[in-house]
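Q: Could you walk me through reading a predicted model, starting with the site around the ligand?
A: Gladly; let's look together.

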Amino acid sequence: MCAIGMAERTLDLMIARVTDPSRRTFGQVLARHGTVAADVAKIRIDINAARLMVLAAADKIDRVNAKGALRDIAMAKVMVPNMLQRTIDLAIQAFGAAGVSQDFPLARFHAAARALRIADGPDEVHIQQLARFELFRGDAIRKKQEAIKARRAQIYKNGSKL
Ligand SMILES: Cc1cc2nc3c(=O)[nH]c(=O)nc-3n(C[C@H](O)[C@H](O)[C@H](O)COP(=O)(O)OP(=O)(O)OC[C@H]3O[C@@H](n4cnc5c(N)ncnc54)[C@H](O)[C@@H]3O)c2cc1C
């Protein structure tokens with residue numbers, strides 16, 4: 001949830017900057033450029049999606065236990081730091097050169113977000129674990145598909161007798 005908070009703070013900084021009437025490019029406040037406004041909207045979608053994913057993992061830990069929530073935890077550990085890194089990157093872009101200066105915290109946030117993709121276990125390890133979980137379902141999915149196919153064939157056969 002620290003990463004969600006950092007993303008919210010980043011979005012606040014970005015919105016304050018791009019709506020600042022004193023900062024104009026090509027005669028327009030930055031937010032009047034369509035791509036900048038779209039970035040703000042996409043960030044909001046990303047943050048809300050990430051928050052829900054964290055809450056879903058926390059809820060499962062409470063209801064089941066940490067072991068039972070491994071998949072949800074792995075998904076959150078990959079999704080949230082990646083979302084944060086993308087968010088900070090877009091905010092830095094909107095700030096221009098100021099974004100990579102020491103005058104704003106964004107460059108510092110960027111380094112912290114990058115570390116998160118390693119610190120809680122590298123993305124690759126969580127992705128491998130998730131892939132194992134999903135691929136394990138292969139046999140069961142094929143069996144279910146065969147059952148549906150057999151049922152459909154049965155229905156057609158019975159129908160043709162009417
Ligand atoms: C800021 C920070 C805080 C940390 N805090 C803690 C902490 O509180 N507790 C703790 O126990 N550890 C902590 N760590 C350590 C962290 O868990 C390890 O850095 C991390 O697990 C990666 O191990 P490593 O650095 O030895 O890199 P390596 O294990 O050498 O991995 C290097 C890279 O190889 C790739 N890789 C590794 N394994 C696989 C794989 N199975 N498949 C594909 N690619 C792979 C990944 O790209 C990975 O980034 C922290 C690290 C940082 C940077």
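Q: How do the residues of the shell around the ligand divide into nonpolar, polar and charged?
A: Ala, Val, Leu, Ile, Met, Phe, Trp, Tyr, Cys and Pro count as nonpolar, Asp, Glu, Lys and Arg as charged, and the others, Gly among them, as polar. Here the shell has five nonpolar residues, two polar and one charged. This is a predicted model, where local features need pLDDT of at least 70, side-chain atom pairs count only at pLDDT 80 or more, and totals for chains, interfaces and linings use all residues. Numbering starts from 1 along each chain as its sequence is written.

Q: Which residues surround the ligand?
A: A residue is near a molecule if its C-beta atom, placed from the backbone, lies within 6 Å of it. Around the ligand are A115, I118, A119, G121, P122, E124, V125 and Q128. Two elements, α4 (106-119) and α5 (123-135), each give two or more residues to this shell; helices are DSSP runs (H or I, at least four residues) and strands are E runs of at least two, numbered from the N terminus.

Q: Where does the ligand lie relative to domain 1 and domain 2?
A: Domain bounds come from an automatic or database domain assignment. Domain 1 (2-121) and domain 2 (124-162) both contribute to the shell, so the ligand lies between them.

Q: What pattern does the chain follow along the sequence?
A: Reading along the sequence gives α-β-β-α-α-α-α-α, with six helices and two strands.
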